[in-house]
Amino acid sequence: MTSDTKLDKVEHAMQPDDTPEIRALYRAFADEHLMPLWTQLGDLMPVHPKPKAVPHVWKWSRLLPLAKKAGDLIPVGRGGERRAIGLSNPGLDGNAYISPTLWSAIQYLGPRETAPEHRHSQNAFRFVVEGEGVWTVVNGDPIRMSRGDLLLTPGWSFHGHHNDTDSPMAWIDGLDIPFTQQMDVGFFEFGSERVTDYATPDYSRSERLWGHAGLRPLSQLQNTPASPIGAYRWEITNRALTEQFLLEDEGQPATTAQGHAAIRYVNPTTGGDVMPTIRCEFHRLRPGIETNLRQDVGSTVFQVFEGRGAVLLNGITHTLEKGDMFVVPSWISWSLQAETQLDLFRFSDAPIMERLNFMRSKVED
Ligand SMILES: [Fe+2]
């Protein structure tokens, strides 16, 4: 804190009827780097979460052309590492944070380009709303990236990307960068300038080993903090959601609410979240469905995968189309409305909030 800011805080703490002795006491506190609780209780312990982050919608129709322009103007390579453009929450002082815990970006890789390998403590995933042709190589395992796929890069895994085609490709990244930055827990290492394996298999080794529902390889009995599956494929996600609606039609309890199919991507070794800090889910609403208004502790981000609808954020309705992204900061009220069938990818910091016992939700009937 600069001495000016400190002085401001001291001046702010003083009340008109404070005696000269009290004023002197506040100045003495400031000189010793002390701050009294009683002058700032409302900020330190609000009666409910009062996030600085604000709800916000980013339109894919604006994100994608800007990413393309960055592809024309900005090279990708060692140093900058990635052509990733972070979604900066308007309430968070110009940081490229979408929420106090989460980072999200649109990443763009031009024809035949390679994003070099590196690794970091931060957990990361990619979700593909359109396009194909890029392989992400995670710890030497080349993983195809196609529409609707969720790709994982758990913390401290070496990873790079390469585009095997003559067309560019864009996708979204999600990471726990703000959380790791505020906790001062991040490490980073450069890896190979080129990806270590330019093979382009349809299925990664991790999927061949682990991608068989309900079946655990007996060579892999040790649980891992993050999922060992590199890619969660769209055809499986789509089938799971389709079956939930078919079961609902048969009168079976399969959906999370009438007309609302949903799945959570899980770590098959534990049944828990795919990574220690990030939860990933996919939601599908039938046309005309409106979800209950709710508030949750922690922050969550959605991307529309397909369809049209709207989200109500703090009482304001925002229309949604394919690719649009929005953030719901802690305790902001929200509900979804589907005009057509509405498919949404979702990620959140819920594993942190649940593990630390801070999670609370309020749902209106
Ligand atoms: Fe990375």
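Colleague: Which residues does Arg-119 touch?

Modeller: Contact here means that the C-beta atoms of two residues, placed from the backbone, lie within 7 Å. Leaving out residues up to four places away in sequence, Arg-119 touches Trp-156, Ser-157, Phe-158, His-159, Glu-189 and Gly-191. Keep in mind that this is a predicted model, where local features need pLDDT of at least 70 and side-chain atom pairs count only at pLDDT 80 or more, while totals for chains, interfaces and linings use all residues. The numbering starts from 1 along each chain as its sequence is written.

Colleague: How far apart in sequence and in space are Arg-119 and Pro-154?

Modeller: They are 35 residues apart in sequence, and their C-alpha atoms are 9.5 Å apart.

Colleague: Is Arg-119 buried, exposed or partly exposed?

Modeller: We count neighbours: a residue is buried with 20 or more other C-beta atoms within 10 Å of its own, exposed with 12 or fewer, and partly exposed in between, with C-beta atoms placed from the backbone. Arg-119 has 19 others within 10 Å, so it is partly exposed.

Colleague: Where does Arg-119 lie?

Modeller: Helices (H or I, at least four residues) and strands (E, at least two) are DSSP runs, numbered from the N terminus. Arg-119 is part of strand β4, residues 114-120.

Colleague: What is the strand order in the open sheet of five strands?

Modeller: Two strands pair if DSSP finds at least two bridges between them. The order is β7-β6-β9-β4-β11, and the pairing is antiparallel. β7 and β11 stand at the edges with a single partner strand each, so one side of each has no neighbour in the sheet. Ignoring direction, neighbouring strands here are turned by 25° against each other on average; such angles compare lines fitted to C-alpha atoms (for helices over the stretch in contact), and run from 0 to 180 degrees between N-to-C directions.

Colleague: How many bridges join β6 to β7, and how many join β6 to β9?

Modeller: Strand β6 (residues 132-138) has six bridges to β7 and five to strand β9 (residues 159-163). Both pairs run antiparallel. Val-137 has Pro-142 in β7 as its bridge partner, while Trp-135 stands opposite His-162 in β9. β6 and β7 also form a hairpin with two residues between them, and Asn-139 in that turn has a positive phi of about 50°.

Colleague: Why is β7 described as largely enclosed by the rest of the structure?

Modeller: Five of its six residues (141-146) are buried, so β7 is largely enclosed.

Colleague: What span should helix α2 have?

Modeller: The expected span is 1.5 Å times one less than the number of residues. The 12 residues of α2 (20-31) should span 16 Å, and its end C-alpha atoms are 16 Å apart, which agrees. After α2 comes His-33, with a positive phi near 60°.

Colleague: Now the bigger picture, please. Which domains does the chain have?

Modeller: Domain bounds come from an automatic or database domain assignment. That assignment gives domain 1 (3-44), domain 2 (56-210) and domain 3 (232-363). The centres of domain 1 and domain 2, taken over C-alpha atoms, are 45 Å apart.

Colleague: How many residues are in the largest nonpolar core?

Modeller: Such a core is a set of buried Ala, Val, Leu, Ile, Met, Phe, Trp, Tyr and Cys residues joined through C-beta atoms within 7 Å. The largest has 66 residues, and Phe-125 and Phe-127 have the most contacts inside it. At least three of the core residues come from each of domain 2 and domain 3. Beyond four places away in sequence, Phe-127 touches Leu-150, Trp-171, Ile-172, Gln-303 and Phe-345.
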